[in-house]
Amino acid sequence: MEKVDSREVPAESEGVGRLVADMRDRVFERARESIDADDGTCVLQVPRFDGAILGRFLMPRLRKPFFNIRLDRTGSFVWARIDGRKTVGQISEQWAAAFPGELLPGARVTLFVRALAVQGHVREVDPECAACVPADSGR
């Protein structure tokens with residue numbers, strides 16, 4: 001039997017590689033509020049109801065109108081850098097430098113940002129407009 005080294009770096013699949021290449025130059029901004037936790041992580045606040053009717057009439061009557069999503073340290077690191085100016089590629093490079101030894105940083109960051117976008121926690125912005133935003137604009 002051939003012995004397999006479990007520490008081998010997994011190969012990026014062709015589909016993931018295309019996704020990483022496609023999203024590398026995209027810029028996202030936050031669409032949700034977040035709270036910084038005491039342990040250095042973030043907690044996303046997500047409204048229980050999104051929409052014109054339920055959001056407008058039902059949300060003010062709820063005791064707890066939001067539910068929380070707690071991000072781990074790597075997710076919190078990425079969330080803190082989603083500011084409407086940095087590209088997914090730049091965030092991936094910063095993540096790889098901050099967490100050396102982690103496997104496939106480009107793929108992990110890209111898939112995480114894509115999941116945030118699909119769930120409505122972040123939204124894509126035009127990179128041309130993102131370059132025009134001053135650094136001290138509060139975004």
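Student: At what angle do helix α4 and helix α5 pack, and which class of angle is that?
Tutor: This is a predicted model, in which local features need pLDDT of at least 70, side-chain atom pairs count only at pLDDT 80 or more, and totals for chains, interfaces and linings use all residues. Residues are numbered from 1 along each chain as its sequence is written, and side-chain values use heavy atoms, with hydrogens and water left out. Helix α4 (residues 88-98) and helix α5 (residues 105-118) have axes 9 Å apart and pack at about 125°. Angles under 35 degrees count as roughly parallel, over 145 as roughly antiparallel, 65 to 115 as roughly perpendicular and the rest as oblique, so α4 is to α5 oblique.

Student: Which residues of α5 make the contact with α4?
Tutor: Contact means heavy atoms within 4.5 Å. On the α4 side, Val88, Ile91, Ser92, Trp95 and Ala96 take part. Their partners on α5 are Pro105, Gly106, Arg108, Val109, Thr110 and Val113.

Student: How many helices and strands are in the protein?
Tutor: Helices (H or I, at least four residues) and strands (E, at least two) are DSSP runs, numbered from the N terminus. Along the sequence the pattern reads α-β-β-β-α-β-α-α-α-β-α. That gives six helices and five strands.

Student: What percentage of the residues is buried?
Tutor: Buried means under 20% relative accessible area, with exposed over 50% and partly exposed in between (1.4 Å probe, protein chains only). Of the 139 residues in the protein, the buried ones make up 31%.

Key: Axes are lines fitted to C-alpha atoms, for helices over the stretch in contact, and angles run from 0 to 180 degrees between N-to-C directions.
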